[in-house]
Amino acid sequence: MRNVLRLVKRDLLRLAKVPAAWVICVGLIVIPSLYAWVNIYGFWDPYGNTNKIQVAVANEDKGTTNDLLGELNLGDQIVQAMKSNTQLGWHYVSRDQALDEVRSGKSYAAFVIPEDFSKDLATLLSGDFQQPKLQYYVNEKANAVAPKITDVGSTTLDTTINNTFVSTASQVIVSQLNTKLNDTSQQITQAQTDASSSLDDTVTKLDNARGSVKDLKTTVGKAKGKAQDAKSTLSDVKTQTGLLTDGLKQTSSLLTDSTNAINSFAANTSSTLDKGSSLISNTSSKANVSVGKVAGTITTASGTVSGAIETGKTITDQNAQTLNSLESVIASLPADSQLRTRLDEIVNGKTGNGGLKQRNQSLAQTLGNLDKLNTDTVNTANTVAGATNTLDATVQNTLNNVNGYRSTLSGTTIPQINSGLTQLAGVSGNLAGGITSQSNLIDQTSTILDQLISTLDATDKALDQTDAGIKTLRDDTDTVRTDVNALVGSDTWSKITSGGNLDASKIADFMFSPTTLKTTTIFPLNAYGSGMAPLFTDLSLWVGAFVLMVIVKLEVDDEDIPGLTVRQAYMGRWLLLAILAVLQAIVCCVGDLIIGVQAANVPAFIGTGVITSLTYLSITYALSVTFQHVGKALCVVLVIVQIPGASGLYPIEMMPGFFQRLYPFFPFTYSIDALRETIGGFYGNQYATAVGHLLLFVVASFILGLVLRPYLTNLNGLFAREIEESDIIIGEQSEVPYRAYRFSQAMSAMTDHAGYRSGTHRRAMRFARHYPRLKIGGLIAGFVVPVALTLLFSLNPAFADTSRKALMLGAWVAWVLIIIGFLLAIEYIRDTIERQMLLGAMSDDEIRDLFSVRKYLKTIQRPSFGLPTRPAHADAHGSTHTHGSSSGSSGTHTNQQH
């Protein structure tokens with residue numbers, strides 16, 4: 001880095017010692033900015049002067065007479081309307097003069113209104129429509145932009161004609177309507193009164209309907225509570241039924257034990273029979289108590305269910321009454337009313353969806369089924385009670401038989417007892433079956449109650465929807481009533497009426513311009529020139545960087561800087577040029593601001609100009625020093641394609657596909673975007689993104705100049721010698737690296753001089769035979785192929801499209817670059833063979849001297865300390881090296897390989 005700064009300091013001192021160099025540097029800094037300033041000023045407000053673009057108007061319209069429109073001359077009305085339009089320089093002449101002005105270029109365009117224009121347009125109202133034709137003449141030779149502006153004028157004129165005709169027709173129609181309105185004014189007033197009264201009644205009925213729905217919703221809530229109570233009671237009944245079943249099971253077990261005991265102890269005494277009688281009595285008592293509990297529970301549940309069913313019937317009756325009221329409201333509404341249709345769908349339903357009436361009928365039927373089920377439950381309970389009486393009688397008979405026939409116990413009494421016990425077991429089984437049936441019936445009743453509760457929930461939701469629909473309908477009806485009452489006194493009515501009649505002139509004006517466009521500008525600019533400033537500023541900075549490549553010496557000598565490397569020389573000269581580039585950017589941007597270019601952020605605007613200038617300097621410098629004259633030509637090509645391809649003037653979407661594809665790869669694209677952000681205003685991270693892309697171009701340029709360029713030193717030296725030999729083209733001498741051979745080549749030459757010379761000679765002779773043909777063939781191909789491509793693309797209709805023409809141009813440029821590369825390659829091969837032949841002719845000592853460190857150190861300038869400077873020395877090639885040699889020959893070049 002020290003050598004880099006020393007190099008910059010030395011070059012600045014050199015410039016400071018020469019006053020003429022000051023003038024040149026000032027010119028390099030200021031003159032490129034003139035391009036931006038002049039163009040920005042010239043494009044400052046071109047569309048503000050469109051009224052100076054002459055457009056001739058020839059009115060030959062003779063007018064017409066129409067039964068509806070009366071006397072009509074649209075041509076005169078159009079001319080009168082166009083006189084108030086200042087967008088273009090309208091002037092009114094005859095047809096012949098208008099056409100002559102267009103042909104001569106005095107006027108850019110001409111409009112001719114034919115003599116039957118009004119007559120043809122009036123046929124629109126008579127049924128035999130003849131479309132009128134307005135004649136438009138334009139001279140596209142006079143200017144490229146003016147026809148686009150006059151096209152806008154043609155659109156304006158067409159709009160004026162259409163609006164004028166509509167306005168005129170509206171005025172006539174309104175005049176006739178006023179005559180009819182005078183006759184029907186009283187009828188309109190009465191209709192308004194009737195409509196308002198009818199709407200008042202409708203609002204009242206809708207309010208009543210909402211009240212009925214609210215009452216019905218309350219009743220449904222109560223019914224749901226009673227149904228829940230009934231379900232809880234049935235649960236208790238089911239529990240008691242389970243207990244009764246367990247008791248009957250115990251009774252059956254006891255009867256079995258009694259029968260076994262009688263059979264086993266038939267010979268026992270009377271006391272055993274007494275115990276059996278007592279056991280039977282206890283069993284009967286338990287059965288009676290259980291059956292009584294079950295019967296009482298079933299009776300209580302039946303009463304609760306009966307009450308819930310009666311409540312449900314009351315609800316359905318109230319629902320029916322409410323629905324009848326709604327049907328009365330629907331019948332009172334107009335047949336084509338949307339309100340009537342909506343209410344009818346709610347009450348009677350629509351296709352695939354039942355209404356409230358159908359739901360209410362379904363609920364009534366469900367309640368009827370519940371009532372019948374409840375009656376069956378009561379009958380079953382009575383049957384169970386009857387079975388208890390039968391059980392009591394049987395037990396009493398058994399006891400009497402035991403007491404009466406105790407003496408004949410071993411005879412007929414025991415069988416009778418067994419028979420009685422069997423009958424008792426059968427009755428117990430029947431009773432258990434009845435209780436089991438009652439349990440199933442209780443489960444069914446509980447399921448029905450669940451369905452009833454679900455139905456009541458659905459009814460509650462339906463009532464909520466009905467209430468919401470009626471509320472919306474009521475609000476809409478109230479709004480309509482307010483609008484009807486306020487119609488006559490509204491501002492709109494007063495605007496289009498005058499004294500109770502329609503104002504024909506106001507309606508005609510409205511029809512002429514029915515809408516008003518409200519424009520809101522996002523990121524407004526103070527002038528068109530501010531919008532063009534990014535493009536012209538970019539062009540100035542690119543031209544400024546390119547001028548530096550042309551005027552300032554790019555090759556660096558190592559005078560007073562020993563050991564200067566190729567990369568140090570590159571960075572030192574870049575820093576010197578960067579100082580000039582930064583000054584160019586500051587002068588250009590400050591000048592833009594002085595002219596009047598808008599800046600949302602002045603430091604950001606100038607800073608973006610500096611970043612852009614350094615980016616363009618990096619690109620042009622890397623190309624120019626790496627590829628020399630070819631690189632400078634590439635700089636010119638880049639600026640040419642970036643003008644249409646970087647969206648500086650027109651949106652990139654309007655450009656051919658060729659430029660749209662290259663658009664993301666141009667530095668202009670991102671510099672223009674960044675400058676637009678600093679001029680119009682910032683949004684999001686767009687500015688940072690654009691600057692980031694510019695820095696990527698800087699990185700790529702340094703990679704090219706610092707990494708790839710050293711490998712092209714020999715090729716650059718060859719190119720410089722070829723330019724010098726022409727004695728016409730100006731170029732800088734790039735010295736060939738001191739060590740021009742690879743170590744392997746030197747070893748091959750020293751190991752086998754004869755073999756190396758023989759092999760090199762054969763290659764040289766073979767190449768010498770082909771060299772003239774290759775060179776001439778490359779030149780011919782470089783000329784013939786582009787001409788053939790031009791003819792092919794010009795004559796082929798498939799390439800008539802603009803994007804394909806751009807493809808042709810790209811192919812032409814690519815081919816020229818290929819030919820240049822081919823010619824450089826064969827020259828490079830020739831130079832390589834010549835140096836190999838020279839190496840073969842050297843002695844071993846001369847070859848050793850090429851790779852001698854001591855020999856190399858002699859080429860490095862040492863501090864003189866006031867002593868005389870050594871004279872220049874000659875190298876193995878016989879060429880003389882001085883301290884003014886190119887940086888391309890610096891000490892580190894000895895490490896470069898051919």
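Q: How many salt bridges does the count come to?
A: This is a predicted model: local features need pLDDT of at least 70, side-chain atom pairs count only at pLDDT 80 or more, and totals for chains, interfaces and linings use all residues. Side-chain values use heavy atoms, leaving out hydrogens and water, and residues are numbered from 1 along each chain as its sequence is written. A salt bridge needs a side-chain nitrogen of Lys or Arg within 4 Å of a carboxyl oxygen of Asp or Glu. By this rule the count is seven.

Q: Which residues are linked in a network of salt bridges?
A: Side chains of opposite charge can pair when their charged atoms come close. Arg 10 and Asp 11 meet in a salt bridge at 3.0 Å, N to O. The linked residues are Arg 10, Asp 11, Arg 14, Asp 557, Glu 559 and Arg 573.

Q: Are Arg 10 and Asp 11 buried or exposed?
A: Buried means under 20% relative accessible area, exposed means over 50%, and partly exposed lies in between (1.4 Å probe, protein chains only). Arg 573 is buried, as is Asp 11. Arg 10 and Asp 11 are both buried.

Q: How many residues apart in sequence are the parts tied together by Lys 62 and Glu 115?
A: The two side chains meet in a salt bridge of 3.4 Å, N to O. Lys 62 lies in the loop between S1 and S2, and Glu 115 in the loop between S5 and helix H5 (117-122), so the parts they tie together are apart by 53 residues.

Q: How far from Asp 61 is the nearest side chain of opposite charge?
A: Asp 61 is in the loop between strand S1 (54-59) and strand S2 (64-66). For charge, Lys and Arg are positive, Asp and Glu are negative, and His and the chain ends are not counted. Asp 61 is buried yet has no salt bridge.

Q: Which side chain does a polar contact join to that of Asp 61?
A: A polar contact is a pair of N or O atoms within 3.5 Å; within protein, one must be able to donate a hydrogen and the other to accept it, and residues adjacent in sequence count only if both atoms are side-chain atoms. For Asp 61 the distance is 2.3 Å. The partner is Ser 118.

Q: How many residues of strand S5 are buried?
A: Ala 109, Phe 111 and Ile 113 point one way, while Ala 110 and Val 112 point the other way. Residues on both sides are buried. Strand S5 (residues 109-113) is largely enclosed by the rest of the structure, because its buried residues number five of the five.

Q: In S6, what is the bridge partner of Val 112?
A: Strands pair if DSSP finds at least two bridges between them. S5 pairs with S1 in the parallel sense over five bridges. S5 also pairs with strand S6 (residues 135-138), in the antiparallel sense over four bridges. In S6, Val 112 has as its partner Gln 135.

Q: With which side chains does the side chain of Tyr 137 make polar contacts?
A: Tyr 137 is in strand S6. At 28% relative accessible area, Tyr 137 is partly exposed. Its side chain reaches two others at 3.3 Å, and these belong to Arg 95 and Gln 135.

Q: How many disulfides does the count come to?
A: A disulfide is a pair of cysteine sulfur atoms within 2.5 Å. By this rule the count is zero.

Q: How far from the sulfur of Cys 589 is the nearest cysteine sulfur?
A: Cys 589 is in no disulfide. The nearest sulfur is that of Cys 588, at 5.5 Å.

Q: What share of the chain is buried?
A: The chain has 25 helices and 12 strands. Of its 898 residues, the buried share is 40%.

Note on methods. Helix = DSSP H or I, 4+ residues; strand = E, 2+ residues; numbered from the N terminus.
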